[in-house]
Amino acid sequence: MARITAGLATSHIPLIGVAIDQNRGEEDYFKPILAAYDWTRRWIIQPENKPDVVILIYNDHASAFDMNFIPTFAIGCADSFEPADEGWGRRPVPTVKNHAELAWHIAQSLILDDFDMTIINKMDVDHGLTVPLSAVFGQPKEWPVKVIPLAVNVVTYPVPSGNRCWLLGEAIARAVASFPENLNVQIWGTGGMSHQLQGARAGLINKEWDQRFLDDMTRDPQRLRAIPHIEYLRETGSEGIEMVMWLIMRGALSTQARELHRAYHVPASNTALGHLVLENVE
Ligand code: DHB
Ligand code: FE
């Protein structure tokens, strides 16, 4: 049987990709940013932890989707996905290889479980998906895991509620548990933490709010589930809403999930970098 063994959350700041792609990790500015992932990089290559498949929850930033079509929840079912050209060429990172059989199984299970997923058979994946992979796996020739892209609209309102995201996570857990092959599956939630990229409040960071969010991922996740959009906007800036994607990850784990690692660092570009690793205690 396939099992979700761990959940990981991380910001997906494009500048982290720049630091890695341009080998600038030794610069003073980037050292503490990349150090946030040191523990995770060691942990994830241990044989008992290494996932076969990562279900990677992310948002597309007008790279694959634009105002012509806006899927609320989309799952990538193709065999592979190329890194997107976001205006300065494709990132020099490997092609993302899917576990298409599991992806199709999850798509079917979710749809029969009343989640109307959009099925994507061709798309490029942007920094929302590739930066977390680089942060955790560095610069390998091939990504060492299969990746199922699951894209969430957090760009154009109306975006899904935190509660809806949580419920989707629960449904993903049911889908994985009903897949017969023995697989170690991780689920990653990306985006956040507090940030606003434009307008009068550009550069907004709310450390207190962010820290409490990190605390409550294990201490009081039910509180997080009920946070309304307006609170994300008010307290964490316009792009802080990306954090609802962490709740898909959290909803897929058991209530007893345990924090293994945490990092929080400001500044990282315009954003507070947040990173968590949670063990799925069953
Ligand atoms: C930044 C953060 C993001 O989440 C993103 O998608 C783009 C840019 C930033 O802080 O620079
Ligand atoms: Fe983003």
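Me: How do the residues of the shell around ligand 1 divide into nonpolar, polar and charged?

Reply: Ala, Val, Leu, Ile, Met, Phe, Trp, Tyr, Cys and Pro count as nonpolar, Asp, Glu, Lys and Arg as charged, and the others, Gly among them, as polar. Here the shell has 2 nonpolar, 7 polar and 1 charged. Bear in mind that this is a predicted model, where local features need pLDDT of at least 70 and side-chain atom pairs count only at pLDDT 80 or more. Residues are numbered from 1 along each chain as its sequence is written, and side-chain values use heavy atoms, leaving out hydrogens and water.

Me: Which residues are around ligand 1?

Reply: A residue is near a molecule if one of its heavy atoms lies within 4 Å of it. Among them here are His-12, Pro-14, His-61, Leu-197 and Asn-270.

Me: Which side chain has an N or O atom 2.5 Å from an oxygen atom of ligand 1?

Reply: A polar contact is a pair of N or O atoms within 3.5 Å. That side chain belongs to Ser-269. For His-195 the distance to a ligand oxygen is 2.9 Å, and for Glu-242 it is 3.2 Å.

Me: How many disulfides does a search of the whole structure find?

Reply: A disulfide is a pair of cysteine sulfur atoms within 2.5 Å. The search finds 0.

Me: Why is Cys-165 too far for a bond?

Reply: Because its sulfur is 19 Å from the closest cysteine sulfur, in Cys-77.

Me: Is Cys-77 buried or exposed?

Reply: Buried means under 20% relative accessible area, exposed over 50%, partly exposed in between (1.4 Å probe, protein chains only). Cys-77 is buried, at 3%, and Cys-165 is buried as well, at 0%.

How values were computed:
Chains are lettered from A and ligands numbered from 1 in the order in which they are written. A polar contact is a pair of N or O atoms within 3.5 Å; within protein, one must be able to donate a hydrogen and the other to accept it, and residues adjacent in sequence count only if both atoms are side-chain atoms.
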